Amino acid sequence: MTYPVNVPDRARLSRRTLAALATALAAPAALRSAPIAAQADPTAAAPFLPPTPECDDDDSDPTLAQTEGPFFTPDAPERTDLREPGLPGEPLSLAGFVLDDACRPVPGALLEFWQADAAGVYDNEGFTLRGHQFSDEEGRWALETVVPGLYPGRTRHIHVRAQAPAGLLLTTQLYFPDESANAADGIFDPALLVEWEETPSGEPLRARFDFVVEGAA
Ligand SMILES: [Fe+2]
């Protein structure tokens, strides 16, 4: 993986749906009724996130759904920082918006993340590198984590669930540009690539992704 530190202007990949949503699972009642949780201002945690979404012609397409995989664990804690003391790995800041199919921000959307550690290992006993959060009143989310490691058969990825209040549950995965293992991964889809942001020297890696969810009120 070539880290894009100080890359000045990477091309922005438009979101687009390459296939119809394969699954749109009904959400558990507990998730549908989840309140908007107080959380740190995502623009403070991710200063590269603009105050409002940037919409273009492709922004009405729902984010592509992908397989959940075998390593989801329910009841992960609510937190925006998945890192824990002593956890090795390249720090990574991810942020973006949750939008509806009209490119309107979705407040209070559930976002759940889980990933392998830097060595490519999932914590299937506890909640290391697992957590959920809710988008803020402007539909923004932000996550502090580490770059996930590789494990056999897969390219580098982060698993995500995203769901508007009372909306359909989107299960998908995020990928990284310029990753040599992308091409050989049968699940990888370029529609789900994060967009690297310019990163000042010495600062953690930063990347953007906006989710488009269905069924938002
Ligand atoms: Fe995975």
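1. The side chains of threonine 145 and glutamine 115 are joined by a polar contact of 2.7 Å. A polar contact is a pair of N or O atoms within 3.5 Å; within protein, one must be able to donate a hydrogen and the other to accept it, and residues adjacent in sequence count only if both atoms are side-chain atoms. This is a predicted model: local features need pLDDT of at least 70, side-chain atom pairs count only at pLDDT 80 or more, and totals for chains, interfaces and linings use all residues. Residues are numbered from 1 along each chain as its sequence is written, and side-chain values use heavy atoms, with hydrogens and water left out.

2. Threonine 145 belongs to strand E4 (residues 140-146). Helices (H or I, at least four residues) and strands (E, at least two) are DSSP runs, numbered from the N terminus. With a relative accessible area of 0%, threonine 145 is buried; buried means under 20% relative accessible area, exposed over 50%, partly exposed in between (1.4 Å probe, protein chains only). Leaving aside neighbours within four places in sequence, the residues in contact with threonine 145 (heavy atoms within 4.5 Å) are Leu82, Arg83, Glu90, Pro91, Leu92, Gln115 and Leu129.

3. Leucine 129 is in the loop between E2 and E3. Its phi is positive, about 60°, although leucine 129 is not a glycine. Leucine 129 is buried, with a relative accessible area of 1%.

4. Cysteine 103 also deserves a look. Its phi is near 65°, a positive value in a residue other than glycine. Cysteine 103 is placed in the loop between strand E1 (91-99) and strand E2 (110-114), and is buried at a relative accessible area of 10%.

5. An open sheet is formed by 4 strands in the order E3-E2-E5-E6, with antiparallel pairing; two strands pair if DSSP finds at least two bridges between them. Strand E3 (130-134) and strand E6 (169-175) are the edge strands, each pairing on one side only. On average, neighbouring strands of this sheet are turned by 20° against each other, direction ignored. Here axes are lines fitted to C-alpha atoms, for helices over the stretch in contact, and angles run from 0 to 180 degrees between N-to-C directions.

6. Strand E2 is largely enclosed by the rest of the structure, because 5 of its 5 residues are buried. Leu110, Glu112 and Trp114 point one way from E2, while Leu111 and Phe113 point the other way. E2 pairs with E3 over 5 bridges in the antiparallel sense, and phenylalanine 113 stands opposite glycine 131 in E3. Another 5 bridges join E2 to E5, again antiparallel; glutamate 112 has arginine 161 in E5 as its bridge partner.

7. Strand E5 (residues 157-163) is joined to E6 by 7 bridges, and the two run antiparallel. Alanine 162 stands opposite leucine 170 in E6.

8. The protein donors of the iron ion are Tyr122 (OH), Tyr151 (OH), His157 (NE2) and His159 (NE2), at 1.9 to 2.2 Å from it. Donors are N, O and S atoms within 2.8 Å of the metal (3.2 Å for Na, K and Ca); water is not among the atoms, so sites may look incomplete. Along the chain the donors follow the spacing Y-x28-Y-x5-H-x1-H. Tyrosine 151 and histidine 157 are both buried.

9. The 4 donor atoms around the iron ion subtend angles of 92 to 156°, so the arrangement is irregular. Four donors count as tetrahedral if all angles lie between 85 and 135 degrees; four count as square planar and six as octahedral if opposite donors are over 155 degrees apart and all others between 65 and 115; anything else is irregular.
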